[in-house]
Amino acid sequence: MNSTPHHILLYNILHHNEARRAFKEFLDSIDCGQMLEFLDEVEQFRTISDPTELRNEALRIWNHYLSPTANLKVHVDASTLEIINSWILEQPNTNTFDMATDEVYNSLETDCIPKLLSSPDYKGLAPLHKAY
């Protein structure tokens, strides 16, 4: 398990409603809010048991966040996109988006958290971080 300071801070933010809301606002301000939306939708996707519903939702998530024409593009590696696309076409399962979520979490941790820490917006989150 990753236990870097940025990883711990991200974990704490994501598991605290007020901090998560403020972080989402910060992400929206740097055009990255779709990353949290994607993660939330994948979490919901993982609870689906009906194969038809799973396939339909996998296609919706793909079209909304990952396809070349996605409205709210989440950037992940091209090879990851190819693998996910093939899984969706063959038989999606609750793990279909795991590689993409790993990349999104990594991007939040390595890119967005450092930007947050150097922004004036962090002052509002700092007291929440110290509460942990």
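## Overall fold

Of the 132 residues in the chain, 38% are buried. The model is a predicted one. Its secondary structure consists of seven helices and zero strands, so that, read from the N terminus, the elements run α-α-α-α-α-α-α. Among contacts in the chain with a separation of 6 or more, 62% join residues 24 or more positions apart. The accessible surface of the chain is about 7,500 Å², and carbon and sulfur atoms account for 52% of that area.

## The nonpolar core

The largest nonpolar core contains 35 residues. Within this core, the residues with the most contacts are Phe23, Leu27, Phe38, Leu66, Phe97, Val104 and Leu108. At least two core residues come from each of helix H1 (5-14), helix H2 (17-29), H3, H4, H5 and helix H6 (98-117).

Not counting residues up to four places away in sequence, Leu66 touches Phe38, Ile61, Lys73, Val74, Val76, Leu81, Ile84 and Phe97. Two of these partners, Phe38 and Phe97, are themselves listed among the core residues with the most contacts.

| Helix | Number of residues | First to last C-alpha | Expected span |
|---|---|---|---|
| H3 | twelve residues | 16 Å | 16 Å |
| H4 | 16 residues | 21 Å | 22 Å |

In H4, which spans residues 51-66, the buried residues are Leu54, Ala58, Ile61, Trp62, Tyr65 and Leu66. They lie on the same side of H4, because they cover an arc of only 100 degrees around the axis. The cover over the buried residues of H4 includes helix H3 (34-45) and helix H5 (78-90).

In H3, burial applies to Gln34, Met35, Leu36, Phe38, Leu39, Val42 and Phe45. Elements covering these residues include H1, H2, H4 and H6.

Threonine 96 sits in the loop between H5 and H6. With a relative accessibility of 1%, threonine 96 counts as buried, because the cut-off for that class is under 20%. A polar atom of its side chain lies 2.7 Å from the backbone oxygen of asparagine 93. Leaving out residues up to four places away in sequence, threonine 96 touches Phe45, Ile84, Trp87 and Ile88. Of these, Phe45 is one of the buried residues of H3, and Ile84 is also touched by Leu66.

Lysine 115 belongs to helix H6. Its relative accessible area is 38%, so lysine 115 is partly exposed. Apart from neighbours within four places in sequence, lysine 115 is in contact with Phe26 and Ile30. Phenylalanine 26 is 89 residues from lysine 115 along the chain, yet their C-alpha atoms are separated by 9.5 Å.

Aspartate 31 is found in the loop between H2 and H3. Is this residue buried or exposed? Aspartate 31 counts as exposed, because its relative accessibility is 64%. Its backbone also deserves a note. Most residues other than glycine have a negative phi. Aspartate 31 is not a glycine, but its phi is positive, at about 60 degrees.

Conventions: Residues numbered from 1 in each chain as written. Predicted model: local features only at pLDDT ≥ 70, side-chain atom pairs only at ≥ 80, totals over all residues. Heavy atoms only, no water. Helix = DSSP H or I, 4+ residues; strand = E, 2+ residues; numbered from the N terminus. Expected span 1.5 Å × (residues − 1). Buried < 20%, exposed > 50% of the residue type's maximum accessible area, 1.4 Å probe, protein only. Arc of directions from axis to C-beta. Contact = heavy atoms within 4.5 Å. Core = buried A, V, L, I, M, F, W, Y, C linked by side-chain atoms within 4.5 Å. Areas by Shrake-Rupley, 256 points an atom, 1.4 Å probe, with all protein chains shown as cover. Polar contact = N/O pair within 3.5 Å; in protein donor to acceptor, adjacent residues only side chain to side chain.
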